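This report describes selected features of one protein model. The sequence and structure come before the details.

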Amino acid sequence: MHYSVEKILDLPFYTEGPVAEGSGDFFFTTLTGGFVGKTDKRQAYSVWAEAACPNGQVRLYDGSHLVCDSKEAAVKCFDRSGNFIENKVQGICAGVEVHCPNDLTVDAAGNIYFTDSVRDTGKVFFQGLDGKEIVVAENMDYPNGLVLSKDGKQLFVAESYQNRIVQIPLIQPGVATGRPEVFADLPANLSGEIADNLPDGLAMDQEGDLWAAHYGMGMVQVISSSGELLFSIHTTLPLTSNLCFVHENKRTKTILVTGGYGEPGPGAVLQIAVYL
């Protein structure tokens, strides 16, 4: 395995929420910068949408985006042009207070799962297309990135301050069959500082391997479907925050990576080609 790192953009802000469109457009969020940015296939940069503290985001099938706003305790919806439509969630979900929405994913039907990132009492929430809201998991130590298995029966969540990925078996959308179980413990930083090895955003490739942004380690950790560490990618961003796939086949994976050199900045957006 070898890889190449290309810097697409330098920014004064730490970045998050990478999204890649098939057209060649890339999207990212800036948290304290207060906007969702966009680069086109010529790498021309623009502000696409604005929010108080935009964090994780996903693009829906109709081209609209869902964006976690960590400052407003909201999950916001923007149309395909970046115009604000509505808050899907704000302050309360399933009758429970929401503090800091961090990242989110959607299943094949369009149901939403998102994390509420606080220490010790963090939660994973579900909001169905029919309006049903469920607390999927609770009492987690800063749940962060999350991704569903291809069949939608397992939800993988980065539990940042435990430096691990947990899995939550689902009997139906939003309904867990038990408590989160440890899927993989990640490598620890030699510094011994807890904040130097925090798993963050997650993505799953077409083979079912899990790719985890490892904040503080400056890495993307690639984990097999059985929970074994396959290899690590040094991103050059000490605070690697998140990733998504741009292109992939069995021999090559290209990922869009966000993060920064410090918080609240500066930050960057990278494209990394991985040759297997």
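## A nonpolar surface patch

Leu 276 lies in the segment after strand 27 (267–275); strands are DSSP runs of E with at least two residues, numbered from the N terminus. Together with Met 1, Tyr 3 and Val 5, Leu 276 makes a nonpolar surface patch of about 350 Å². Patch residues have over 30% relative accessible area and no salt bridge, and nonpolar side chains are joined within 5 Å. A salt bridge is a side-chain nitrogen of Lys or Arg within 4 Å of a carboxyl oxygen of Asp or Glu. Accessible areas come from the Shrake-Rupley method with a 1.4 Å probe.

## Basis of the model

The model is predicted: local features need pLDDT of at least 70, side-chain atom pairs count only at pLDDT 80 or more, and totals for chains, interfaces and linings use all residues. Residues are numbered from 1 along each chain, and side-chain values use heavy atoms, leaving out hydrogens and water.

An open sheet of 4 strands runs in the order 21-22-23-24 with antiparallel pairing; two strands pair if DSSP finds at least two bridges between them. Strand 21 (198–204) and strand 24 (229–234) are the edge strands, each pairing on one side only.

Strand 21 pairs with strand 22 (residues 210–215) over 5 bridges, in the antiparallel sense. Leu 202 has Ala 212, in strand 22, as its bridge partner.

## Thr 29

Thr 29 is in strand 3 (residues 26–29). Thr 29 counts as buried because its relative accessibility is 0%, where buried means under 20%. Its side chain reaches the backbone oxygen of Asn 55 at 2.7 Å and that of Pro 54 at 3.4 Å.

How values were computed:
Patches are made of residues with over 30% relative accessible area and no salt bridge: like charges are joined within 9 Å, nonpolar side chains (Val, Leu, Ile, Met, Phe, Trp, Tyr) within 5 Å. Buried means under 20% relative accessible area, exposed over 50%, partly exposed in between (1.4 Å probe, protein chains only). A polar contact is a pair of N or O atoms within 3.5 Å; within protein, one must be able to donate a hydrogen and the other to accept it, and residues adjacent in sequence count only if both atoms are side-chain atoms.
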